[in-house]
Amino acid sequence: MIKNIRQEKGITMITVTIAVIILLVITGILMFNAKDAIYIRNYNNLKNDIDVLRDKIANFYNQNGSIPAKAPYLSLSVDMNSVLNQEESNNKDEFYVIDLKVLDGLTLNYGKDYEKVKDLTTVSDYYSDLYIIHKTTHNIFLVGGVLVQDGNTSKIYYTDYTEPDNTKVDFRYVDGIKIPENYYYIGRDVNENIVIAPDINQLVNSSSEEQYTWQKTTEIVQDAVLAEDQTQEQYEASTKKWGGYYYNTNTKKVIYLPVEIDTAT
């Protein structure tokens with residue numbers, strides 16, 4: 001009788017021990033999965049923010065001819081270099097704090113440090129929870145990024161891609177000057193004037209007969225070559241309104257910006 005009781009106690013202890021081990025394993029798995037879930041949520045929150053900001057900034061740009069950003073950001077982290085393209089790496093002084101207050105109906109998961117810098121004209125201190133944008137590429141970054149871990153590998157995401165984005169932006173305005181339809185901004189000449197071309201992938205070439213350079217002047221070219229649907233009156237009126245025109249010195253062809261002429265007499 002005593003022997004049977006001892007056997008029953010022994011079985012009970014073994015059962016309890018196994019149950020405890022199983023619970024520990026399950027708890028470990030749950031904690032590991034919960035940690036992964038947090039990383040995934042952080043990345044998805046960043047991705048959603050970037051998507052929202054792109055749409056809002058694109059709408060603002062199309063309406064105003066400029067990006068919603070005024071204060072230069074001067075404290076990029078070295079680690080962010082891995083995701084910058086050549087234009088951004090060569091022109092780090094063109095990063096600006098996104099002016100969130102001018103973007104209507106905006107709800108973000110990150111970017112809380114904007115409240116600390118929104119009244120500054122230049123941001124020279126480091127703020128990790130702050131969205132910035134590059135003036136030329138329009139690419140958006142979270143300064144401190146978010147940590148994402150996959151097994152034993154961890155990575156910081158500063159935007160929603162991991163390799164530099166070399167996509168060229170189809171600018172419709174540069175320095176507040178409109179880019180004509182069917183033409184693209186491709187860069188600047190040696191005098192920093194805007195250069196446009198019918199192909200966005202062309203490089204600036206002063207001898208090209210397809211490229212046009214912005215002439216900031218109200219003086220018209222007397223022997224300018226106009227297209228068939230253009231008139232001298234429109235050319236002169238456009239030059240007066242916009243303070244310039246696009247011109248090819250090789251062909252003497254002019255592209256002027258659209259303007260309405262009051263024909264009422």
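Start by selecting helix 4, residues 232–242: its buried residues are Tyr-235, Ser-238 and Thr-239. Buried means under 20% relative accessible area and exposed over 50%, with partly exposed in between (1.4 Å probe, protein chains only). Because the three cover an arc of only 100 degrees around the axis, they sit on the same side of helix 4. That arc is taken from the directions that run from the helix axis to the C-beta atoms.

Now colour the other side of helix 4: Glu-233, Lys-240 and Lys-241 are exposed there. Step past the end of the helix to Gly-243, which follows helix 4 and has a positive phi near 70 degrees.

A word on the model and its numbering. This is a predicted model, in which local features need pLDDT of at least 70 and side-chain atom pairs count only at pLDDT 80 or more, while totals for chains, interfaces and linings use all residues. Residues are numbered from 1 along each chain as its sequence is written, and side-chain values use heavy atoms, with hydrogens and water left out.

What do the buried residues of helix 4 pack against? Select strand 12 (245–248) and strand 13 to see the packing partners. Helices (H or I, at least four residues) and strands (E, at least two) are DSSP runs, numbered from the N terminus.

Two strands pair if DSSP finds at least two bridges between them.

Zoom in on strands 9 and 10. Strand 10 covers residues 194–197 and pairs with strand 9 in the antiparallel sense over four bridges. Pick Tyr-184: its bridge partner in strand 10 is Ala-197. Pick Gly-187: its partner there is Val-195. The hairpin of these two strands has five residues between them, and Glu-192 takes a positive phi near 65 degrees in it.

Which residues cover the two faces of strand 10? Ile-194 and Ile-196 lie on one side, Val-195 and Ala-197 on the other, and all are buried.

Move across to strand 11, residues 212–215. Two bridges join strand 10 to strand 11, and the two run antiparallel. Val-195 stands opposite Thr-213 in strand 11.

The whole structure holds 11 aromatic pairs. Rings of Phe, Tyr and Trp (its six-membered ring) pair if their centres lie within 6.5 Å; planes under 30 degrees apart count as stacked, over 60 as edge-to-face and the rest as tilted. Select Phe-171 and Tyr-185: this pair is edge-to-face, 5.5 Å centre to centre, with 90 degrees between the planes. Phe-171 lies in the loop between strand 6 (153–157) and strand 7 (173–174) and Tyr-185 in strand 9, so the pair ties together parts that are 14 residues apart in sequence. Both Phe-171 and Tyr-185 are buried.

Zoom out to finish. The protein chain has four helices and 13 strands. Of its 265 residues, 37% count as buried.

Conventions. Contact means heavy atoms within 4.5 Å.
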